[in-house]
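Please keep the sequence and the model open side by side while reading.

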Amino acid sequence: MSEASVLDKIIKNVQVVRPNHDAIELLDLGIKDGKFAEIAPNIIPDKGREVLDGQNLLGFPGVVDAHMHIGIYQSLDKDAVAETKAAAMGGVTTSLNYIRTGQYYLNKGGSYRDFFPEVLALSAGNFFVDYSYHVAPIASQHIEEIPLLFEEFGVSSFKIFMFYGGYGLHGLSDHQNLFLMINKEERYDFAHFEFIMRGITCLMQEHPESQEIISLSLHCEVAEILNAYTKIIENDSSLSGLHAYSAARPPHSEGLAICIASYLAHETNCANINLLHLSSRKAMEAALTMQTAFPHINFRREVTLGHLLLDADTPAGSWAKVNPPIRSRADVEYLWQAVLNHQVDWIVSDHACCSAEQKRSAKDPNNIWLAKSGFGGTEYLLSGVFSEGSKRGMSYNHMAKLLSWNPSRRFGLLQKGDIAIGYDADLVLLDPKVSFVVRAAESESQQGYTPFEGLELSGRVKSTFLRGNLIYDNGQVLGSPTGRYLKRR
């Protein structure tokens, strides 16, 4: 046997789950130079320098968590270490993180030419999983920097927070220009969104070879509706907690924003639009209506694990405050039906580690208006979808498509998302027979609580491999951070 034919690692007896197949196959996986190099039954053990037994566990492609926020509530370098340990324990091998100028994150305004290299410097050597960034053009100067971000830094996906111009991150606010750190003469409004779209359309035209991986994501809520309803609901003593927060940011605000964003995409010929964290029936119906109205726009629809597992009656209360809000049980079931109908393109965690001290006021812990928005959950993404999806008859292959293949294709991670020869050897071994109760104390996250506390999930991640290297095994994150920044060109 020649040295060239030797595999670095063989993982035998894996029930391989592939996103574009209909069946599960018992196979051995041969890995060389961090890639899947041989996939077949009964690979001869002598061909491998190291041989592991997959024990007939399910083998999913490494999860691509396409919506995370690293460094939003604490320093990026420290957040990256803890929160990507949590990602690894949940089978996530690629983390796509939203970043922007303004308050939170680095707490800086100015040019992305200066800002983004600092983001990369703080990231280097601190991620346990591979990673990349979605970038939000906040100031007008950022639109001119879209080609720079793509050509020099390999950023191919961008974001608009539609409510930021007139409403705060956590509630009412009259200081949005200060929050966004933009000049008082500038406006973060529909016109700005239009010009972002025109900038991205120009980028696609300038780089036709990459136009399929260039996209714009939108957080769809209308500030004027949020402002009006928040003032009403804050004075309504009949509503409290998550029910109050949902009423203050009503579902029709999502629907209206989706319609506005979709028409702007049509007007500007901005072809690749991602509608983020759809939380309600009204939002999903609006998204599907816009797909019919503008068939030439390549829409993608995203749902989060939180909106699929939690409803407004969850005992987690303010721990589960997030934007857009957790909704009614009827909305949850409608979203699940959309998943089963193949109307949802990917499922994400929207992980944003927010410490207990920031989440609940010590003097008034049940006051939803004092709580900051966002919570973690990347460590439960695969198990949560597996558990609830299995109850509803969702196939394992469909899960792999939504958690790995679809986001990897959209966001230009062309070596990720499948168990196939030539792809990065990102693999998750999951035991479908093991159930567990979610306990924040068992998580690697530094959050200290979880709104999923006490939920029983079936399907536990046993091992996670990143480019063939074992980074998590039987409850332990292994080694030091080896995640790589992924340029997308």
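Predicted model: local features only at pLDDT ≥ 70, side-chain atom pairs only at ≥ 80, totals over all residues.

Leaving aside residues up to four places away in sequence, Val 92 touches Val 63, Asp 65, Ala 87, Val 129, Thr 378 and Thr 464. Its C-alpha atom lies 13 Å from that of Arg 460, a residue 368 positions away along the chain.

One of the contacts of Val 92 is Thr 378, which is placed in the loop between helix H13 (356–359) and helix H14 (381–391). Thr 378 counts as buried because its relative accessibility is 0%. With residues up to four places away in sequence again left out, Thr 378 touches Asp 65, Met 68, Glu 83, Ala 86, Ala 87, Gly 90, Val 92, Ser 349 and His 351.

## A buried glutamate

Is Glu 302 buried or exposed? Its relative accessible area is 0%, so Glu 302 is buried, and its place is in strand E12, residues 298–304. Not counting residues up to four places away in sequence, Glu 302 touches His 67, Leu 275, Leu 276, His 277, Leu 278, Trp 346 and Val 348. Between Glu 302 and His 252 there are 50 residues in sequence and 17 Å in space, taken from C-alpha to C-alpha.

## Nonpolar cores

In soluble globular proteins, nonpolar side chains tend to be buried together. In this model the largest nonpolar core has 130 residues, and the members that touch the most others are Phe 60, Phe 116, Tyr 133, Leu 216 and Ile 273. Ile 273 has contacts with Met 197, Leu 216, Leu 218, Ala 265, Ile 297, Asn 298, Phe 299, Arg 300 and Arg 410, where residues up to four places away in sequence are not counted. Apart from this core lies another one of 16 residues, including Leu 29, Phe 36, Trp 405 and Ala 420.

In helix H8 (residues 241–248), the buried residues are Leu 242, Ala 244, Tyr 245, Ser 246 and Ala 248. These buried residues pack against helix H7 (223–234) and helix H9 (251–268).

Met 290 is part of helix H10, residues 281–293, and counts as buried because its relative accessibility is 10%, where the cut-off for buried is under 20%. Beyond residues up to four places away in sequence, Met 290 touches Ile 258, Cys 259, Ser 262 and Phe 299.

## Backbone details

The peptide bond from Asn 323 to Pro 324 is cis, with omega near -10 degrees, and Pro 324 is placed in the loop between helix H11 (305–309) and helix H12 (329–340).

Two residues other than glycine can be noted for a positive phi. Asn 13, in strand E1 (residues 9–17), has phi near 60 degrees and, at 30% relative accessibility, counts as partly exposed. His 342, for which phi is about 60 degrees, is found in the loop between H12 and strand E13 (346–348); its relative accessibility is 55%, so His 342 counts as exposed.

## The chain as a whole

The protein chain has 15 helices and 18 strands, and its C-alpha atoms fill a box of roughly 70 × 50 × 40 Å along the principal axes. For 489 residues a compact globule would have a radius of gyration near 23 Å, and the 22 Å of this chain agrees with that. Buried residues make up 61% of the 489 residues, and among contacts with a separation of 6 or more, 77% join residues 24 or more positions apart.

The chain exposes about 18000 Å², of which carbon and sulfur atoms supply 49%. There are 44 positive and 56 negative side chains, and the centres of these two sets lie 1 Å apart.

Methods
Residues numbered from 1 in each chain as written. Heavy atoms only, no water. Core = buried A, V, L, I, M, F, W, Y, C linked by side-chain atoms within 4.5 Å. Buried < 20%, exposed > 50% of the residue type's maximum accessible area, 1.4 Å probe, protein only. Contact = heavy atoms within 4.5 Å. Helix = DSSP H or I, 4+ residues; strand = E, 2+ residues; numbered from the N terminus. Rg over C-alpha atoms; globule rule 2.2 N^0.38 Å. Areas by Shrake-Rupley, 256 points an atom, 1.4 Å probe, with all protein chains shown as cover. Lys, Arg positive; Asp, Glu negative; His and termini not counted. Charge placed at Lys NZ, Arg CZ, Asp CG, Glu CD.
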